[in-house]
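Try each task before you read its solution.

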Amino acid sequence: MKYAVFSIFLLITPSMCFGQTVSGSTYTITGANGVLTAGPASPTKGSTAQVDWDWRQGPTDISIVGGFFNDNVYIGQGWSRTFTPADTGKGEAGSAATWSLAVNNGSPQQVTGNMSWGWAKTSNGTIFGSNIVATTDQNLSNIQATGLEIDIQPGSGTSLNGRSVGLIVNNWTVANPSSAISINVDSGGTWAVGLQCALGSVVEGCVIFPNGAAGGAIFKGTGANPASIYNTSDYLIVNEGTNGFAIKAQNGISNHLVFSSSGSLQLSQYGRGVLTTDASGNVAAGSAPSFIGGNNGAIAISSGTTTYILNCANATFGLCAAVAPLDATVKNLFVVTNTSPGTGQSYMITFATNVSSTALSCTISGAATSCSDKTHSANVIAGQQYTIKLTSSPGAAPVNLTWGAELDTH
């Protein structure tokens, strides 16, 4: 089936020359000099595009438009124009191959300068309301390629209402499972920036989510890819996996904030405080991590002994221990000695509560002079005594010991 398409052009400047008008039922422009030949009445895949009505200026062959699509192609209106160095522009706007003008001089209706309409008639089809392509020849340089520019140009003294926007994306009738705006990768091309607001281009913010906006800002990764926000001058917000989200300083510095999936806000630098919320979102408890430590003093501890160390040393637990005033968790145990135990010998250091040993411990063996346990932790209940238990092997060298650990109250 053939379609007769008629176009009306409004010539604003009489001096503009728009070239020749060609009307007919089955004609295509195939030659560089505009020679007309009859096209197929029913164009098929791979054939020359059929032009029902053509109005053009210049020698460019408009039938090449059909080459962009590998399917049956009809052109209801064609326009072809080649701009040369002699074309210096026709006013403030750039030179255009096609344009349209709509003037609202009091009409209560919405007036549109240009409209295109794509219509799918069968299932499993793909339809584009409009497809804008900015392309180039090969091996060019310093080209500004812009797919779409939207200008809002109110006249002097005009005031705009709150519905005046640069872009509106409407979705009618059904829920769309895809996104309103999608930035895709096609044929290997990439974008340097996904969305950019130029300096000074907006008053309130680059992206604003009004009150009541469903979901607000959701940053969601797919598969193994984490969702992230990156600010080149300040912070990196990253997905911490099971730990939720974290705000990190630049260059790999430790986290500033961690929003935990367990319902807590961790201040991981400058005190590393933690605020924990209950099931209703209320703050249920607070924590201000600090550290504890001690040493055995000036007298070295002999080999083959068990000694309890805080800021003292004694073979009896209660004579060198402290009392916890709050429930707390002790972790990240570090120990340094002034000498190594020697070949085949060891110092075993264990955090102890009320005489009992805990899983928080480490061992110094052979020529080593330090150890740590950053894996295990020990709970201390308010009112319990705690200290460090040192077990020296029978042949180990006499030793002076210092220790430290992280204390998280809760």
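**Exercise 1: Disulfides**

The count of disulfides comes to three. The model is predicted, and the values below are computed from it.

Task: Which cysteines are joined, and what pattern do the disulfides follow along the chain?

Solution. 
- Step 1. Apply the cut-off: two cysteine sulfur atoms must lie within 2.5 Å.
- Step 2. C197 and C206 pass, with sulfur atoms 2.0 Å apart.
- Step 3. C312 and C320 pass too, at 1.8 Å.
- Step 4. C362 is joined to C371, with an S to S distance of 2.1 Å.
- Step 5. Count the bonded cysteines along the chain. The pattern is 1-2, 3-4, 5-6.

**Exercise 2: Handedness and burial**

Solution. 
- Step 1. Recall the limits: buried means under 20% relative accessible area, exposed means over 50%, and partly exposed lies in between.
- Step 2. C197 has 29% relative accessibility, so C197 is partly exposed. C206 is partly exposed because its relative accessible area is 41%. Their link is right-handed, with 80° about the S-S bond.
- Step 3. C312, at 28%, is partly exposed. C320, at 1%, is buried. Their link is right-handed, with 115° about the S-S bond.
- Step 4. C362 and C371 are both buried. The torsion about their S-S bond is about 45°, so this disulfide is right-handed.

**Exercise 3: An open sheet**

Task: In what order do the four strands of the open sheet stand? Which strands stand at the edges?

Solution. 
- Step 1. Read the order: β12-β21-β16-β19, with antiparallel pairing.
- Step 2. Look at the ends. β12 (290-295) and β19 (370-380) each have a single partner strand, so one side of each lacks a neighbour in the sheet.
- Step 3. Note the twist. From one strand to the next, the average is 20°.
- Step 4. Zoom in on one pair. β16 (residues 328-337) and β21 (residues 401-409) are joined by eight bridges. T337 has L401 of β21 as its bridge partner.

**Exercise 4: The partners of β17**

Task: How many bridges join β17 to β18, and how many join β17 to β20?

Solution. 
- Step 1. β17 and β18 run antiparallel and share eight bridges. Across this pair, G342 stands opposite G366.
- Step 2. Find the turn. β17 and β18 form a hairpin with two residues between them, and N354 in the turn has a positive phi of about 45°.
- Step 3. Turn to β20. β17 pairs with β20 over seven bridges, also in the antiparallel sense. F351 stands opposite I388 in β20.

**Exercise 5: The core**

Task: Which residues touch the most other members of the largest nonpolar core?

Solution. 
- Step 1. The core holds 29 residues; V335, I349, F351 and W403 touch the most other members.
- Step 2. β16, β17 (342-353), β18 (356-366), β19, β20 (385-392) and β21 each give two or more residues.
- Step 3. Follow V335. Among the residues it touches are I349, W403, L401 and both C362 and C371.

**Exercise 6: Confidence**

Task: Where is confidence lowest, and where is it highest?

Solution. 
- Step 1. Start with the whole protein. The mean pLDDT is 74, and 61% of residues reach 70 or more.
- Step 2. Compare elements. Strand β1 (residues 20-29) is lowest, with a mean of 39, and β17 is highest, at 96.

Terms used. Residues numbered from 1 in each chain as written. Predicted model: local features only at pLDDT ≥ 70, side-chain atom pairs only at ≥ 80, totals over all residues. Heavy atoms only, no water. Pairing = 2+ DSSP bridges. Axes fitted to C-alpha atoms, helices over the stretch in contact; angles between N-to-C directions. Core = buried A, V, L, I, M, F, W, Y, C linked by side-chain atoms within 4.5 Å. Buried < 20%, exposed > 50% of the residue type's maximum accessible area, 1.4 Å probe, protein only. Contact = heavy atoms within 4.5 Å. pLDDT = per-residue confidence, 0-100. Lists of a residue's contacts leave out its neighbours within four places in sequence.
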